[in-house]
Amino acid sequence: MMSPTQWDLPPELCCRPMAFVALTGLDVTYNAIHRAIWDAFCANRRADRVPISFKVLPGDHEYPKCRTKRTSYEWYIPKGILKTGWMNKHLNLVPALVVLFYELDWDDPVWKEKQSECATKVEIVRTSLQGRNTKVAVVLIQKKTPLPPGEDLVASERAASLCNACDLSGKSLFVLPHTDHLVGYIIRLENAFYEHAQTYYYTEIRRVKSHKEFLNKTTHQLLFVRHQFKIAFFSELKQDTQNALKYYRTAYSLVHELRTHETNMLEIKTMAGFTNYKICRLCFQHNTPLDAIAQFRKHIDLCKKKIGSAELAFEHTAWMSKQFQSFGDLFDEAIKLGLTAIQTQNPGFYYQQAAYYAQERKQQAAHMCAHEPVGSYPTPDPLETLSGALDFYGQRAWRQGHQSIDPPDAEKEKVGIQALQVKEKDVPHSELIIALLSNAVAQFKKYKCPRMKSHLMVQMGEEYYHAKDYTKALKLLDYVMCDYRTERWWSLLTSILGTALRCSYLMAHVKDYITYSMELIGRASTLWEDQKSRIEKNLIKVLMNEVPEAEPDCDPASAKAAQALWSDRVSLAGSNRFTIEVQDYVPFVQCKARFLSPSFHLDDPVQLHLYLKADCPHPVRFSKLCVSLSNQEYNQFCVVEESCKSQDILEPLSQENMCLVPGKTRKYSFKFVAKTEDVGKKIEITAVDLMLGTDNGRCVLLNWRGGGGDAASSHEAIQAARSFRSRGRVPEQHAQWDTVSIQASTMIISRVPKISVQLSHKPPALSNEMYCICVSIQSNEKTVAKDVKLTAGLKPGQDANLTQSTQVTLNGLEVCDESHPALLPDIAIGDLQPGEKVEKSLYVCCVTTGPRIFLFHVAYTMTTQAEGTDITCKCHKDETVTIETVVPFDVAMKFVSTKFEHLERVYVDVPFLLMTDILSASPWPLHLVSSQLLLAPTMVALDEPQSQVEHVVLQTGECASECFSLQCPPVLNGTSSVASGQYLISWKRKSSCADAPVVTTVVTLSHVMVETIPLYVHAELPSFGRVRESLPVRYHIQNRTGLVQDVEMSVEPSDAFMFSGLKQVRLRILPGAEHEMLYNFYPLMAGYQNLPLLNISLLRFPTVSGQLLRRFLPSRIFVKPQGRQAEDASIAAA
């Protein structure tokens, strides 16, 4: 019998061939041991186990009878290529091996009787396999684990006896102990069974090959094909896929060498399809996909012209469709197993081609019904056979086995063709096409081919339409229309919209019908004007709550049913108001809204223009136009209803204000005054609504989000901008639609202040000073500026560290501290009359250096008029100034010895000097009021420190210095570094007023290293000497330790002096005691001379060098020349 799935490949062709092994003697229902054995064979088979198909059969099972072997093919005429049951027979009916399971232990007490019973069962199996080469094997199920081979002599003897009784070879007898390791034994058994099966299929291949010598190419062409196919199939059962592929290729070549005519065309194509399927499957299995693709292309090229009978042309397209579908399935299966596909070569293309042939089949079937009316199904049924199935693949049921060119009975041929045609009428073609297209869409989606996916989804939608499933059709078409709008495929979009319009009409979906109609009569539609005119008239009927005319190309029966549905819609009250979001469509009315400026001052009216343009064939009248703004209080000013005086048609026309003329741009102007609370806020156009129809009929609200525009507007705006740049500007009165741009938002800003703010100051600012900035505010308003307030100080938004280090005050007589803010808000100024001027001084203290931005914000209110309405405006003006802060002076400090030598460290109770230098870095003169030295407890002054720079004025780059004599008292044990104290400098600008506060800068003195020395030496000597006159020098040596010190002293001779006194002496000085040494030096030369060198060494402190002690002694002295007595006397006389 024919069926919609008659072209499906037989399952035995599509499955993986595996060796068939029959198991007998197992009672899997009532015997638990047998059930466990069977489960071990078939349950949870892993991929690494040998490919065998097992079946449990009774011992006396009747296997298919073997036909008598031919000894000659001389007069044999084959009736077909391949019998329909042959593959199934060798897969599931004829085993390669029959295994008899028998429970028998080697030490069984009734061994003889059971041996005889086993032999009888083997004989029964052999009898049922009479004439076949199927192997027979026996498996003994034993309870005990056998001993290793050769150790159990009884087992060896009885095994040989059993083999003789059953006529078996030793390789066909197996033992299966039923122990814990059952699965392991079963796997070993499987491997042995597999070897026996391999031998069987090898024998079958040789048997088929032996027939070749009896064949001739004149009458046995079919047998050449048959035998090659059988050899290939047996090779697959043997798992020899390489040889199988070779024989399938040979069989495929031989199929196409057969003489073809109408009566055997289907059989040849069927066998070619089977063989091609096997070749492609094996190529994919061998991981050679290019070979599979090449074979399939060759197969299609060879077969696509073999159509056969013209009356059954639909069979050829059905067969072609199945070829592509099968190859797509193979390709997809290979991908799932690890093959990599690409965008340009994936299964989707084959499913798509299969759908194409299925569509062609549908058209051929429709053409057949239209031009060749088919009668009723003939009786008796010419497609029935006695067995219920065909004998050979691809043959006709009414002439099986016929291989002649001419049909045996023309009347039977005609009746058979009629039966096939009647069957074809009942085939659900659309379902088949949709299934194939769905597979293709899934593949193209997987491989990211969006355009191919959209194209096929359109075809699916059209098939759903033909199948009268309009809901699914609309769902698919709606999905793809978005893509076609975005990519501007207007002709494709128009075609899809036509189908969608028919669907919505046949379902009487009012909103969808209106939506698609509006788009089909718009600018994106490629329909002719008369078609657009018809659709527009239908749209007007729907808006008037009337039944529209039927769409062309609709099924008459469906159209009649749709008319009844529309009539029901008309009679229903309510649900006649629709809102259509046209932003994502291309409707027949275009809309652009724009504010005339990106911002409006509060005292200027906000102006909004709305442009509308109709693209339909006939004028369109609307009943209401309204613009929705983000602040809904303004919506009342942006409405057009029955009459409006603000219209302006860009091209002069004498039309009604509520009517849109095709191709003409109409402008509507709106104006309103913004509210004071909206200053600083953005006003946006949220929506534009155009109402078509009336409340009496149907009311459709076209809604544009934002300032208008639709799916095609963005690209059109870009094109228009390019064209506009090349064309140049045109006068406003000649402006065209394309020159209008959307401006959907505007900002309300405060009224322009008519007030001047002047700043007066002397930059830069000096660190820590009270820097004065004078603010001058003058009103230029025509009315009183009320409630004037000044906010002054550091501009917000700068570095947080600047905020913490900046203080602002209005009181310039005192220095700011951290309690003062960085910004003074809302300093009350009062009211300012027109022309009045007021000044305010602001004092700023900047602790750190660097640039700062200061803000001066003047705010006030005033009353003015806009559009005849009094409004209160809040005005403000901002002035900013950047002021650099610099240090007023740099202070350098150093510790020196009494000889003005730089000191790295000081010594306890040894006097030293502190030198300070104040270097002016200010561009303005600095007045140093005073200075003060605050010493730490670890430091004392030798005299009362007084300021030496009091009331000194420093110009830029000048320096003032001070010197203080200090001494470090004894420190605690272990202290090596001590604090010195602080240096305070009080100053102000020279140019500042007398009562300006004095700034005190505190400089922290550096720490100093303190050391204790065991011996202190200092000298007493005159300030100068004279040549050849005695110069007394007294050295004081003081022991500052708690130990008696042994001191060695020596004086080195000098060329510039003679001296009297001890040249070398050794002293012992008690703890805390002081010893004096007196020397008389006699200078010999004038000028600065080096004194004789005093060497001192401490025997108890050898680490204290004499060089360290010499640092406390003077090393040079100035020697005056000797005076003349005569000259002195004359001078005295004068």
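I count two residues as in contact when heavy atoms lie within 4.5 Å. I keep in mind that this is a predicted model.

**Entry 1: helices α16 and α17**

I started with the pair α16 (residues 470–486) and α17 (residues 490–507). Their axes come within 10 Å and cross at roughly 155°. Angles over 145 degrees count as roughly antiparallel, so α16 is roughly antiparallel to α17. I noted the hand of the crossing as well: α16 passes α17 in a left-handed sense.

Next I listed the contact. From α16 I found Y470, T471, A473, L474, L477, V480, M481, Y484 and R485. Facing them in α17 are W490, L492, L493, I496, L497, T499, A500, C503, S504, L506 and M507. I then sorted these residues by class. The contact has 16 nonpolar, three polar and one charged residues.

**Entry 2: backbone checks**

Most residues other than glycine have a negative phi, and most peptide bonds are trans.

- The peptide bond from P763 to P764 is cis, and its omega is near -5°. I placed P764 in the loop between β18 (755–760) and β19 (765–766).
- F900 is not a glycine, yet its phi is positive, near 60°. I found F900 in the loop that runs between β27 (889–896) and β28 (905–907). Its relative accessible area is 55%, so I list F900 as exposed.
- H951, also not a glycine, has a positive phi of about 60°. I located H951 in the loop between β31 (940–941) and β32 (952–954).

**Entry 3: a sheet of three strands**

I turned to an open sheet with the strand order β39-β47-β45. Its pairing is mixed. Which strands stand at the edges? I found β39 (1024–1026) and β45 (1087–1090) there. Each has a single partner strand, so one side of each is left without a neighbour in the sheet.

I then took one pair on its own. β45 and β47 (residues 1116–1120) pair in the antiparallel sense, over four bridges. How are individual residues placed across it? I noted that Y1088 stands opposite F1118 in β47.

Terms used. Residues are numbered from 1 along each chain as its sequence is written. This is a predicted model: local features need pLDDT of at least 70, side-chain atom pairs count only at pLDDT 80 or more; totals for chains, interfaces and linings use all residues. Side-chain values use heavy atoms; hydrogens and water are left out. Axes are lines fitted to C-alpha atoms, for helices over the stretch in contact, and angles run from 0 to 180 degrees between N-to-C directions. Helices (H or I, at least four residues) and strands (E, at least two) are DSSP runs, numbered from the N terminus. Angles under 35 degrees count as roughly parallel, over 145 as roughly antiparallel, 65 to 115 as roughly perpendicular and the rest as oblique. A crossing is left-handed if the near helix is turned anticlockwise from the far one by less than a right angle, and right-handed if clockwise. Ala, Val, Leu, Ile, Met, Phe, Trp, Tyr, Cys and Pro count as nonpolar, Asp, Glu, Lys and Arg as charged, and the others, Gly among them, as polar. Buried means under 20% relative accessible area, exposed over 50%, partly exposed in between (1.4 Å probe, protein chains only). Two strands pair if DSSP finds at least two bridges between them.
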